[in-house]
Amino acid sequence: HILFISGPPGIGKTSVGQAIAKEVNLPHFDLDQELEQSHNKTISELIQEGGWLEFRRKESIALESLVSKLSTLKESNLTDLGRPTPMIVISLGGGTVLSVTNCERMVDQGLILTLWGSERLISDRLKRRQSLNQSTHLLPIDHLSDLPWLLVERRAAYLQCDLWLEVYDGEASQQIADRVLKAWRGYIQASELNKVIPKWFSPP
């Protein structure tokens with residue numbers, strides 16, 4: 001009953017998660033925000049203080065705590081369209097799925113959706129984010145010119161998902177949210193009918 005939204009930094013995991021939650025009146029949680037609140041520090045401060053390995057450890061603990069807290073909730077009701085929707089939406093960090101343990105924990109409780117986009121789209125969004133907020137949290141690369149390396153390194157982890165959506169330049173978060181919900185419903189309906197479950201929902 002939980003929809004986990006994964007994907008590279010800057011792809012829009014938080015904004016899309018918020019749009020989904022607003023559209024179907026669901027609670028939305030952001031793993032980075034959960035981390036910041038539990039440690040009373042920004043993501044950048046956590047990374048600078050302990051390094052990336054320690055940050056990933058804390059991230060895994062935060063995910064385990066959040067999922068444990070939410071797993072007691074019952075399945076959601078049907079929408080007015082008579083189609084199932086997730087009960088909870090969680091936007092993950094860009095590297096959460098790098099941990100096999102994290103992925104196993106999430107699969108036990110719901111579906112993992114990966115948002116993906118072209119290298120240019122992701123780079124442009126990261127540049128825009130940095131220009132709007134100079135204190136935005138650190139990336140595991142020294143410069144945006146290293147982004148292609150990061151995407152190649154993580155692609156296999158991102159592919160280990162239940163659903164995959166391509167994000168296109170110019171799409172609003174609400175448009176993407178609508179496609180996510182369509183993908184979710186298609187997945188659930190196919191699984192209930194024991195059909196081959198479609199993974200790719202790229203066309204807008």
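Student: Where does R105 lie?

Tutor: R105 lies in helix α4, which covers residues 100-107. Helices (DSSP H or I, at least four residues) and strands (E, at least two) are DSSP runs, numbered from the N terminus. This is a predicted model, where local features need pLDDT of at least 70 and side-chain atom pairs count only at pLDDT 80 or more, while totals for chains, interfaces and linings use all residues. Residues are numbered from 1 along each chain as its sequence is written, and side-chain values use heavy atoms, leaving out hydrogens and water.

Student: Leaving aside neighbours within four places in sequence, which residues is R105 in contact with?

Tutor: Contact means heavy atoms within 4.5 Å. With those neighbours set aside, R105 is in contact with S60, E64 and V67. Look at E64: although 41 residues separate E64 from R105 along the chain, their C-alpha atoms are 7.5 Å apart.

Student: At what angle do α3 and α4 cross?

Tutor: To read such an angle, picture each axis as a line fitted to C-alpha atoms, for helices over the stretch in contact; angles run from 0 to 180 degrees between N-to-C directions. Here α3 and α4 cross at roughly 10 degrees, and their axes come within 10 Å. Under 35 degrees counts as roughly parallel, over 145 as roughly antiparallel, 65 to 115 as roughly perpendicular and the rest as oblique. The two helices, α3 and α4, are therefore roughly parallel to each other. On the α3 side you will find S60, L63, E64 and V67, which meet N102, R105 and M106 in α4.

Student: How do α2 and α3 pack?

Tutor: Helix α3 spans residues 43-70, and α2 packs with α3 at an angle of about 105 degrees, their axes 9 Å apart. That angle makes α2 roughly perpendicular to α3. From α2, the residues L31, D32, E34, L35, E36 and H39 take part. Their partners in α3 are I43, L46, F55, K58, E59, A62, L63, L66 and K69.

Student: And at what angle do α1 and α7 pack?

Tutor: Helix α1 (residues 13-23) packs with helix α7 (residues 173-192) at about 70 degrees, with the axes 8 Å apart. So α1 is roughly perpendicular to α7. In α1, find S15, V16, A19, I20 and E23. They meet S173, Q174, I176, A177, D178, V180 and L181 in α7.

Student: Now the sheet. In what order do the 5 strands come?

Tutor: Two strands pair if DSSP finds at least two bridges between them. In this model the 5 strands form an open sheet in the order β2-β3-β1-β4-β5, with parallel pairing. At the edges stand β2 (28-30) and β5 (163-166), each with a single partner strand, so one side of each has no neighbour in the sheet. From one strand to the next, the twist averages 20 degrees.

Student: How many bridges join β4 to β5?

Tutor: There are 4 bridges between β5 and strand β4 (residues 110-116), and the two strands run parallel. To see where they line up, find L113, which stands opposite L163 in β5.
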